[in-house]
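Here is a briefing for a first look at this structure. Keep the sequence and the model in view while reading.

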Amino acid sequence: GFGIFQIEAQACGVPVISTNFGPMPELNADLNLCVPSNRDVVMPGGIIVKAPDWEQIALRLNGLYNEQATDGVAIADRWHNCKKFAKGYSIEKVWGDIWANFLGWEEEIMHEQTPVMLEPTECNHVVLLATYDVKCGIATYTRMLAEQLSGPNTKVSILAESESPFELSKEKIHTHDDESIDVYRCWNRRNPDPTALLEVVYEIEPDVLHIQHEWQLFPSTNPVLPNLGMMTCRKVMTIHTPDPPGLERLHSQVSLFIDVFVTHWKETSQNIPLYCPYGFPHSSIQTIKHGIRNPGLFDAYEKKKEIGVPSKVPLFFTFGFTSTAKGTKELLQAAALASEDDECPHFELIVSAGVHPEWVNDPAIQAYTRECAEIASKHDNIHLLGYLEEEEIDKYAAACDYLIFPYRLPMQVNSAS
């Protein structure tokens with residue numbers, strides 16, 4: 001890989017002794033300090049790798065010591081040369097030569113994306129594999145997607161997760177008073193038996209099987225995904241939550257049989273080919289913005305008045321399940337500090353942070369939730385609510401001046417943000 005620490009050291013005027021392996025010579029201002037990798041080392045399993053010659057390293061160290069002690073001019077020249085060399089990797093240089101061009105290329109790709117190169121087939125029946133009709137963002141997204149896809153020429157069915165791992169059913173049911181969408185609660189993340197799911201798929205014969213993937217929903221130990229490879233229909237997977245380490249595990253299971261990957265985040269699309277052990281064509285990776293169902297028109301002033309916040313008072317709002325990754329506590333702490341600052345104008349913060357049904361008995365989540373509640377309880381302008389239904393979320397989102405998603409790390413940002 002790129003030895004950035006070498007550049008950082010030389011940017012400080014410090015010479016670097018490195019090997020001559022890979023890109024290391026390209027990153028060294030003095031090629032005489034590159035040590036040949038000519039020593040064979042036997043690793044566990046009998047694999048032989050090349051390693052640097054220790055005597056050559058000692059020779060170069062001794063030379064630098066002697067130079068430091070006896071030749072001030074040479075040391076000054078070396079300091080200058082190291083800093084000059086490292087400047088070629090400065091953000092200004094890299095940005096102008098490489099990064100700006102890359103961003104232009106990325107923008108072009110995003111707007112002129114290569115179409116999926118699959119032979120066209122009729123698509124009369126779409127099946128969505130996901131959680132459904134429960135307190136879960138994926139379940140909400142799946143319902144919205146199903147309602148949009150369902151129509152006179154397209155049948156939509158849901159292979160929904162069962163409420164209990166011990167109660168898998170192949171029976172068709174309907175929810176939300178909608179007879180057009182068939183629901184089968186035929187699998188569960190905690191039940192390793194895929195039989196009911198496979199039997200339903202064979203019976204209803206979908207043209208497209210669309211998997212709504214999320215890491216909690218499909219842990220690596222669950223055999224549901226690998227077993228779907230034997231289905232003859234087209235298979236699409238939407239990856240909702242970016243996680244580069246998780247992508248490698250996922251692709252070892254599914255990259256041989258998924259026809260198209262859909263992501264909501266362009267960085268995830270860029271990572272997918274890197275983690276496919278068998279390769280994957282870029283034309284079969286599509287970045288599609290998440291989107292929401294049209295919430296209708298709201299009068300922000302009226303909604304703010306409805307929840308009891310004066311129109312000129314800034315209102316902040318965030319929602320989501322309680323999670324350390326989502327930065328809920330950090331947001332509350334920041335709001336508490338701001339509230340105690342006499343120079344900070346008055347504001348209101350509304351936090352909807354319900355506990356995910358799968359984490360209700362998790363001691364860490366319970367403790368985290370109590371900490372959040374304790375912070376909020378000390379300030380009249382900070383309101384910690386529980387889980388909100390979609391209509392309530394729409395109301396607060398319409399009323400707020402600022403919608404916040406305080407994720408702690410960029411890679412933890414979910415697909416909808």
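Axes here are lines fitted to C-alpha atoms, for helices over the stretch in contact, and angles run from 0 to 180 degrees between N-to-C directions. Helices (H or I, at least four residues) and strands (E, at least two) are DSSP runs, numbered from the N terminus. This is a predicted model: local features need pLDDT of at least 70, side-chain atom pairs count only at pLDDT 80 or more, and totals for chains, interfaces and linings use all residues. Residues are numbered from 1 along each chain as its sequence is written, and side-chain values use heavy atoms, with hydrogens and water left out.

**A helix pair**

- Helix α2 (residues 54–70) and helix α3 (residues 72–87) have axes that come within 6 Å and cross at roughly 115 degrees.
- Contact means heavy atoms within 4.5 Å. On the α2 side, L64, E67, Q68 and T70 take part, and they meet G72, A74, I75 and R78 in α3.
- This contact has 3 nonpolar, 3 polar and 2 charged residues. Ala, Val, Leu, Ile, Met, Phe, Trp, Tyr, Cys and Pro count as nonpolar, Asp, Glu, Lys and Arg as charged, and the others, Gly among them, as polar.

**The sheet of 7 strands**

- Strands of a sheet pair through backbone hydrogen bonds, either parallel or antiparallel. Two strands pair if DSSP finds at least two bridges between them.
- An open sheet of 7 strands runs in the order β7-β6-β5-β8-β9-β10-β11, with parallel pairing.
- β7 and β11 are at the edges; each has a single partner strand, so one side of each is left without a neighbour in the sheet.
- On average, neighbouring strands of this sheet are turned by 20 degrees against each other, direction ignored.
- β5 and β8 run parallel and are joined by 4 bridges. L129 has I211 in β8 as its bridge partner.
- Helix α5 (residues 137–149) packs on the sheet and touches β5, β6 (155–161), β7 and β8; its direction makes about 175 degrees with that of β5.
- α6 lies across β5, β6 and β7, at about 150 degrees to β7.
- I285 sits in strand β11 (residues 285–287). I285 is buried (under 20% relative accessible area; exposed is over 50%, partly exposed in between; 1.4 Å probe, protein chains only), with a value of 5%.
- I285 and V262 are 23 residues apart in sequence, yet 5.9 Å apart in space, C-alpha to C-alpha.

**Nonpolar cores**

- A nonpolar core is a set of buried Ala, Val, Leu, Ile, Met, Phe, Trp, Tyr and Cys residues joined through side-chain atoms within 4.5 Å.
- The largest one has 33 residues; L129, L159, L197, I211, L228 and M237 have the most contacts inside it.
- α6 gives the largest share of this core, 6 residues.
- L159 touches residues including L129, W187, L197 and L209.
- A second, separate core of 13 residues includes L332, F347, Y368 and C372.

**The sheet of 4 strands**

- Another open sheet has 4 strands in the order β14-β13-β12-β15, paired in parallel.
- Its edge strands, β14 (382–385) and β15 (402–403), each pair on one side only.
- β12 (residues 315–319) and β13 (residues 348–352) pair in the parallel sense over 5 bridges. In β13, S352 is the bridge partner of F319.
- Helix α11 (residues 328–339) lies across β12, β13 and β14, at about 165 degrees to β13.
- Helix α13 (residues 390–399) also lies across β12, β13 and β14, at about 150 degrees to β12.
- T328 lies in α11 and counts as buried at 8% relative accessibility. Leaving aside residues up to four places away in sequence, T328 touches S323, V351, A353, Y368 and C372.
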